[in-house]
Amino acid sequence: MARMKFLCDADRCIECNACVTACKNEHEVPWGINRRRVVTINDGRPGERSVSMACMHCTDAPCASVCPVNCFYTTADAVVLHSKDLCIGCGYCFYACPFGAPQYPRVGNFGSRGKMDKCTYCAGGPEADSTQAEFVKYGTNRLAEGKLPLCAEMCSTKSLLAGDGEIIAQIYRERVVKRGYGSGAWGWRTAYRETIAT
Amino acid sequence: MMAFLTRIRIAVGALALLAIFAALAPAAAQQPTQVNPTAQAVNEAQLFKQLGQIDGRCTLPDQKACLLEQPGGRDWRQFSEVTLPWIGAISILGMLGVLVLFYLIRGMVRIESGRSGRTIVRFSAFERFVHWMTAVCFIVLAISGLNITFGNKLLLPWMGPEAFTAWSQWAKYAHNYLSFPFTLGVVTICLMWIAWNFPSKADVEWLKAGGGIIGKEHPPARRFNGGQKLIYWIVVLGGGAVAITGYLLMFPFWGTGIAGMQTAQIVHGIVSVLFVAAMLGHIYIGSIGMEGAFEAMGTGTVDENWAKQHHSLWLEEQKAKGKVADAPPSGRMQPAE
């Protein structure tokens, strides 16, 4: 089985936000929630870089570790998913997540959090694959159709890569060798405790 | 022959060099230095070192999404999964163990001279109402809070995921909503009893004498003794701390960021488990630990001999104020013949 990962080549990202839009549209993500976002560092200064970030589907995921109701699970492709039926909206995964991936619809009183929502790597949830029940809660299950996450598929500069970790790391390595520079695989050390030697 | 060949080689070499310079010259004029975008580019490891977390700019209306990475979540995970359960287990089980041991050794603290049959008002109906409102809220908050830390280890395996989620969901609602009457109770307790809870010299003597619990003698005390003052300050300061940190967590991003909420949760967790341990001691001494103590918060009155034994100075004050009835002992304490 593949070990699915995301890799954002920040030297290619042009901050077009197509990945953000594609994700929102594909999964009909509700208002106020963004499963993916583009963050620009050093904006307008030398060394400006944009990074598209979502759930990184960590190895030994912190969200899963701190969840008081154990609603997370990891698929055979190493995608970290969760069950909205079990989630109680406590916010713990948000405190633990290094990437700010978990988000909560504001429902009910005070700042009360609803069921957590995050990037599913276009792999749905615990419901039967590609059913309406799955779509309503988690969005499209592209992985079940043999397709990769839409954000990466849409990327106009092929900055955002999704797929087996070994393969996308190799693609990135080749790019770095060819062009002679690379600002590294953002988030990899935090998410996978490894980095791509270039 | 050799010399001729050498000459040709030098000439060819010189021509080649000239050709290279000629070819390079215009290119060098256009690009005087080689472009290396990484020379000035940001580096993840370096940013972590400088900032601890990486923020940027984003175009989303939700500006909280501009946080790119916060590895501080790792430390919080360590606290939540390892540190807090240990602190909680040691303090709460430790306190329970101490109380059981103490009960086995010391037993219930009796009213030494027996009941006099004469009672004296200790807590008004309002005071008792505030106490029990806070107490009931505290118990629910404690159970629902401990469920978050220990539930998935202790209850989930035999409850099953669906039932455990249903229970935890209700526990979360109870935790959120009962925080309001609890906070109201803590504030009221703080205001209504503060006059009797400033530490005094008598408290030092009281503590030195082991509060009359460990030793045999009964040090004099006014309305609240050293131990009760300690409980008062634990409730006021501990309750205040859990209330403030709790509301910070309940209203995400109100005046805090992610690091602030992590800190709030750490304070909330540690103070809460210690608070629970302290309250176990309070519940023990107010129930099976001491004869005649529960009535103070139950009916609001205590036996005069209990007051003499535990709050001698207070009893004298009340007598001086004429608040103690001099009526003869009533009913059941009367000898039959």
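**A helix pair in chain B, and its surroundings**

Tutor: In this predicted model, the contact between two helices of chain B is made on one side by N176(B), S179(B), T183(B), V186(B), I189(B), C190(B) and W193(B) in α6(B), which meet Y232(B), V235(B), V236(B), G239(B), G240(B), A243(B), G246(B) and M250(B) in α8(B). Sorted by class, the residues of this contact of α6(B) with α8(B) comprise 9 nonpolar and 6 polar ones, with no charged residue. Two packed helices are described by the angle between their axes and the distance between the axes. For helix α6 of chain B, which covers residues 161-193, and helix α8 of chain B, which covers residues 226-250, that angle is about 145 degrees and the axes lie 10 Å apart. The crossing in which α6(B) passes α8(B) is left-handed.

From this pair we can turn to the contact between the two chains, to which chain A contributes 43 residues and chain B contributes 48 residues. On the side of chain A that touches chain B, the elements giving two or more residues are β2 (37-41), β3 (49-53), α2 (62-66) and α3 (92-96) of chain A, and of these β2(A) gives the most, with 5 residues. By class, that side of chain A holds 22 nonpolar, 17 polar and 4 charged residues.

As for chain A itself, its secondary structure amounts to 7 helices and 6 strands, and their order along the sequence is β-α-β-β-α-β-β-α-α-α-β-α-α. The C-alpha atoms of chain A occupy a box of roughly 50 × 40 × 30 Å along the principal axes. Because a compact globule with 198 residues would have a radius of gyration near 16 Å, the 17 Å of chain A agrees with that expectation. Of the 198 residues in chain A, 52% are buried, and among the contacts in chain A with a separation of 6 or more, 55% join residues 24 or more positions apart.

C16(A) counts as partly exposed because it has 16 C-beta neighbours inside 10 Å, whereas a buried residue would need 20 or more. Between C16(A) and A144(A) there are 128 residues of separation in sequence and 28 Å in space, taken from C-alpha to C-alpha.

Technical notes: Residues numbered from 1 in each chain as written. Chains lettered and ligands numbered in written order. Predicted model: local features only at pLDDT ≥ 70, side-chain atom pairs only at ≥ 80, totals over all residues. Contact = placed C-beta atoms within 7 Å. Helix = DSSP H or I, 4+ residues; strand = E, 2+ residues; numbered from the N terminus. Nonpolar A, V, L, I, M, F, W, Y, C, P; charged D, E, K, R; others polar. Axes fitted to C-alpha atoms, helices over the stretch in contact; angles between N-to-C directions. Left-handed = near helix turned anticlockwise from the far one by under 90°. Rg over C-alpha atoms; globule rule 2.2 N^0.38 Å. Buried ≥ 20, exposed ≤ 12 C-beta atoms within 10 Å, placed from the backbone.
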